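Please consult the sequence and structure shown here.

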Amino acid sequence: MFFAIGFNEKREDLDFNQVITCDICDGFGRYSVFVVYTVLYLFFIPVFKWNRRYYVEASCCHSLYELDPEVGARIERGENVKISEEDLTLIEAGRQAYSFKKCVSCGYETEEDFDYCPKCGRKF
């Protein structure tokens, strides 16, 4: 008799978005939530899921957080939930959304995300 079994880790994006002001980059963005779990397959049919872990990614700088499992389960059930800082554990700080800019025309320096120089009006 031939049995085809296997294990695989799956990621599933949840239908949740929350507008935020990021503590890492001070930019505006949103939280996107996803769940990662391990699946047992029997004849290519998912039979059993376990080891569920919930994660949150900030869209502004792509910082990654682990979410409290209870809050993640409530989001997965479709409940209206607001994620607070106490529910998150920082895993990886993302890149800074804005970098240092210097105008080649007048020499004005800024850390803001301007497309044009506020002093002379030329494009950065």
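In which strand is the place of Phe-7? Phe-7 belongs to strand 1, strands being DSSP runs of E of at least two residues and helices runs of H or I of at least four, numbered from the N terminus. The model is predicted: local features need pLDDT of at least 70 and side-chain atom pairs pLDDT 80 or more, while totals for chains, interfaces and linings use all residues. Residues are numbered from 1 along each chain as its sequence is written, and side-chain values use heavy atoms, with hydrogens and water left out.

**Aromatic pairs**
- The structure holds 4 aromatic pairs (ring centres of Phe, Tyr or the six-membered ring of Trp within 6.5 Å; planes under 30 degrees apart are stacked, over 60 edge-to-face, the rest tilted).
- The pair of Phe-7 and Trp-50 is edge-to-face, because the ring centres are 5.8 Å apart and the planes stand at 85 degrees.
- This pair links distant parts of the chain, with Phe-7 in strand 1 and Trp-50 in strand 3, 43 residues apart.
- Phe-7, Phe-48 and Trp-50 form one aromatic cluster.

**Accessibility**
- Phe-7 is exposed at 58% relative accessibility, whereas Trp-50 is partly exposed at 32%; buried means under 20%, exposed over 50% and partly exposed in between (1.4 Å probe, protein chains only).

**Val-81**
- Val-81 lies in the loop between helix 1 (69–76) and strand 5 (88–92) and is buried, at 8% relative accessibility.
- Beyond neighbours within four places in sequence, Val-81 is in contact (heavy atoms within 4.5 Å) with Phe-16, Gln-18, Val-71, Arg-74 and Ile-75.
- The C-alpha atoms of Val-81 and Phe-16 are 8.9 Å apart, at a sequence separation of 65 residues.
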